[in-house]
Amino acid sequence: GAVAEEIHGIFFWQIKNMIIANRAKDAVKSGLPPFVYKNAEAGAKNFKPIELQKMSSDLIHMTHRVRQGQGDLEIMLEKWILEMK
């Protein structure tokens with residue numbers, strides 16, 4: 001029952017946390033709560049840093065395209081998810 005904007009925000013937030021956890025040496029240096037850091041660190045192990053950056057960039061560009069009237073966020077998100085390897 002979540003709207004596309006909410007789902008987009010959740011994806012972006014999680015990817016952002018994985019990027020932060022991947023770059024930081026520990027939870028304290030990341031600035032994330034320990035539980036969030038541990039989950040983000042575990043998730044980041046499934047992706048190369050360049051893949052996380054691309055996912056983040058894709059989500060940002062998706063938002064810009066929607067605001068410019070170049071598509072529907074729900075459809076863009078679905079396509080993005082289905083195209084992920």
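Modeller: Happy to. One term first: a crossing of two helices is called left-handed if the near helix is turned anticlockwise from the far one by less than a right angle, and right-handed if the turn is clockwise. Please keep in mind that this is a predicted model.

Let's start with helix α1, residues 4-23, and its packing on α5. Their axes come within 9 Å and cross at roughly 40°, which makes α1 oblique to α5. The crossing of these two helices is left-handed. On the α1 side, the contact is made by A4, E5, I7, H8, F11 and I15. Helix α5 answers with L73, E74, L77, W80 and I81. Sorted by class, this contact between α1 and α5 has eight nonpolar, one polar and two charged residues.

Now to the other partner of α1, helix α3, which covers residues 34-44. Here the axes come within 8 Å and cross at roughly 90°, so α1 lies roughly perpendicular to α3. From α1, the residues in this contact are N17, M18, A21 and N22, and from α3 they are V36, Y37, A40, E41, G43 and A44. By class, the contact of α1 with α3 has six nonpolar, three polar and one charged residues.

That leaves the charged pairs. Side chains of opposite charge can pair when their charged atoms come close. Searching the whole structure turns up two salt bridges.

One of them takes us back to α5, residues 73-83. There, K79 forms a salt bridge with E83, and their closest N and O atoms are 4.0 Å apart. Because K79 and E83 are four residues apart in this helix, about one helical turn separates them. K79 is exposed, with a relative accessible area of 51%, and E83 is exposed as well, at 54%.

The other salt bridge joins the side chains of K54 and D58, at 3.0 Å from N to O. This pair belongs to helix α4, residues 49-67. Since K54 and D58 are four residues apart in α4, they too are separated by about one helical turn. K54 is exposed, with a relative accessible area of 52%, whereas D58 is partly exposed, at 22%.

Terms used
Residues numbered from 1 in each chain as written. Predicted model: local features only at pLDDT ≥ 70, side-chain atom pairs only at ≥ 80, totals over all residues. Heavy atoms only, no water. Buried < 20%, exposed > 50% of the residue type's maximum accessible area, 1.4 Å probe, protein only. Axes fitted to C-alpha atoms, helices over the stretch in contact; angles between N-to-C directions. Parallel < 35°, antiparallel > 145°, perpendicular 65-115°, else oblique. Contact = heavy atoms within 4.5 Å. Nonpolar A, V, L, I, M, F, W, Y, C, P; charged D, E, K, R; others polar.
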